[in-house]
Amino acid sequence: MSDILTHTDAGVMTITFNRLDKKNSITAAMYAAMADAVAQAGADPSVRVVVFQGHESIFSAGNDIGDFLNQPPTTQESPVFRFLRGIATFEKPLLAAVAGPAVGIGTTLLFHCDLVYAGDNAAFSMPFVNLGLCPEAASSLLAPRMFGYHRAAEALLMGEPFFAEAAQEVGLVNRVVPPTEVNGYAQAQARKLAAKPLSSLIATKRLMKGDTQAVLKKMDEEGQDFGRMLREPAAKEAFGAFMEKRKPDFSKV
Ligand code: COA
């Protein structure tokens with residue numbers, strides 16, 4: 001079965017991470033499938049809302065580290081950048097249902113969603129510094145904007161997990177429900193939205209979001225730093241340590 005499942009019903013396209021044995025970590029092929037699905041959802045008038053979901057035990061462990069090292073994103077047309085631009089400029093409502101860990105892009109993609117529902121087991125983290133990297137998905141712009149600078153600095157510099165209640169407090173999450181109910185709750189909300197006039201949903205979202213140029217520019221800027229840092233000693237040590245299941249040693253970087 002595919003690692004990304006896409007299903008459309010009653011105007012709602014649901015994109016499901018389906019790679020539980022690897023904690024729903026995301027490969028380039030999965031980014032490509034999601035970028036295509038998002039583009040299709042944007043172009044298809046019968047799709048009115050998109051929902052991202054994982055499993056009740058895990059949303060996503062972020063980038064697949066091995067795959068990422070084997071085929072790092074190098075150009076603007078890399079699947080990850082295509083996916084990120086797709087969600088940053090998506091005109092229709094985007095929802096997410098998050099249970100369990102949401103690591104790296106598992107958290108940063110949520111800044112591009114309009115409504116986020118979380119299981120009470122959700123654990124959000126942006127551990128880029130701990131991986132010798134820097135933020136992506138315009139999170140260096142959107143996290144301070146949403147959380148306030150100091151809370152964003154704690155999340156992005158420390159890189160430690162924060163949990164459902166704190167995520168709701170900083171505005172990342174709309175509502176916390178039991179993990180077994182989160183996907184169903186998000187579906188019910190998505191169906192309510194799908195029954196509303198699409199033209200009004202699109203206009204309202206566009207008016208709230210305003211100009212997306214600053215977000216796209218920040219993504220580019222981050223992408224350049226991220227690509228460079230991926231080849232530098234700190235990231236090599238962090239990724240090597242993950243593969244060898246040991247603690248990284250940053251004393252020399
Ligand atoms: N990339 C590649 N493989 C990953 C992965 C990732 N991001 N996250 C987990 N996996 C793999 C593990 O290597 C392991 O594979 P194995 O069974 O072949 O050894 C399997 O998924 C299970 O992972 P494990 O760490 O044993 O699960 P856990 O429940 O103890 O912990 C996480 C879950 C998500 C907290 C933990 O896996 C983790 O921290 N992953 C790395 C997250 C990360 O740094 N992502 C990069 C962000 S840019």
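User: How do strand 1 and strand 2 pair, parallel or antiparallel, and over how many bridges?

Analyst: Strand 1 (residues 4-9) and strand 2 are antiparallel partners, joined over six bridges. Keep in mind that this is a predicted model.

User: Which residue is the bridge partner of T8 in strand 2?

Analyst: T8 is bridged to M13 in strand 2.

User: What about the hairpin, how many residues sit between the strands?

Analyst: Two residues lie between strand 1 and strand 2 in the hairpin, and A10 takes a positive phi near 50° there. As background, most residues other than glycine have a negative phi.

User: What's on strand 2's other pairing, the one with strand 3?

Analyst: Strand 2 and strand 3 (residues 49-53) run parallel, with five bridges joining them. Opposite V12 you'll find V49 of strand 3, and M13 stands opposite V50. M13 is also the bridge partner of T8.

User: Is strand 2 buried or exposed?

Analyst: Buried. Six of the six residues of strand 2 (residues 12-17) are buried, so strand 2 is largely enclosed by the rest of the structure.

User: Which residues are on each side?

Analyst: V12, T14 and T16 are on one side, with M13, I15 and F17 on the other. These are all buried, and both faces of strand 2 are covered.

User: Zooming out, what's the strand order in the sheet?

Analyst: The order is 1-2-3-4-6-9, in an open sheet of six strands with mixed pairing.

User: Which strands are at the edges?

Analyst: Strand 1 and strand 9 (175-177) stand there. Each has a single partner strand, so one side of each is left without a neighbour in the sheet. The twist averages 20° from one strand to the next.

User: OK, strand 6. How does strand 6 pair with strand 4?

Analyst: Strand 4 (residues 94-98) and strand 6 pair in the parallel sense, over four bridges. In that pairing, A97 stands opposite Y117 of strand 6.

User: And with strand 9, parallel or antiparallel?

Analyst: Parallel again for strand 6 and strand 9, over three bridges. A118 stands opposite V176 in strand 9.

User: How many residues of strand 6 are buried?

Analyst: Four of the five residues of strand 6 (residues 115-119) are buried, so strand 6 is largely enclosed by the rest of the structure.

User: Changing topic: what's up with the phi of K23?

Analyst: K23 isn't a glycine, yet its phi is positive, about 55°. You'll find K23 in the loop between strand 2 and helix 1 (28-43). K23 is partly exposed, with a relative accessible area of 49%.

User: And what does the phi of N24 look like?

Analyst: N24 also has a positive phi of about 55°, and N24 is not a glycine either. N24 is in the loop between strand 2 and helix 1.

User: Buried or exposed, N24?

Analyst: N24 is buried, with a relative accessible area of 0%. K23, on the other hand, is partly exposed at 49%.

User: On to helices. At what angle do helix 5 and helix 6 pack?

Analyst: Helix 5 (residues 139-147) and helix 6 (residues 149-158) pack at about 135°, and their axes are 7 Å apart. That makes helix 5 oblique to helix 6.

User: Is that crossing left-handed or right-handed?

Analyst: The crossing of helix 5 and helix 6 is right-handed.

User: Which residues meet there?

Analyst: From helix 5 you have S139, S140, A143, P144 and F147, which meet Y149, R151, A152, A155 and L156 in helix 6. By class, the contact has seven nonpolar, two polar and one charged residues.

User: How about helix 3 and helix 10, what's the angle there?

Analyst: Helix 3 (residues 79-88) and helix 10 (residues 213-230) pack at an angle of about 160°, with axes 10 Å apart. Helix 3 and helix 10 are therefore roughly antiparallel to each other. Their crossing is right-handed.

User: Which residues make the contact?

Analyst: Helix 3 brings F81, L84, R85 and A88, and helix 10 brings V215, L216, M219 and G223. Sorted by class, the contact of helix 3 with helix 10 has six nonpolar, one polar and one charged residues.

Methods: Residues numbered from 1 in each chain as written. Predicted model: local features only at pLDDT ≥ 70, side-chain atom pairs only at ≥ 80, totals over all residues. Heavy atoms only, no water. Axes fitted to C-alpha atoms, helices over the stretch in contact; angles between N-to-C directions. Parallel < 35°, antiparallel > 145°, perpendicular 65-115°, else oblique. Left-handed = near helix turned anticlockwise from the far one by under 90°. Contact = heavy atoms within 4.5 Å. Nonpolar A, V, L, I, M, F, W, Y, C, P; charged D, E, K, R; others polar. Buried < 20%, exposed > 50% of the residue type's maximum accessible area, 1.4 Å probe, protein only. Pairing = 2+ DSSP bridges.
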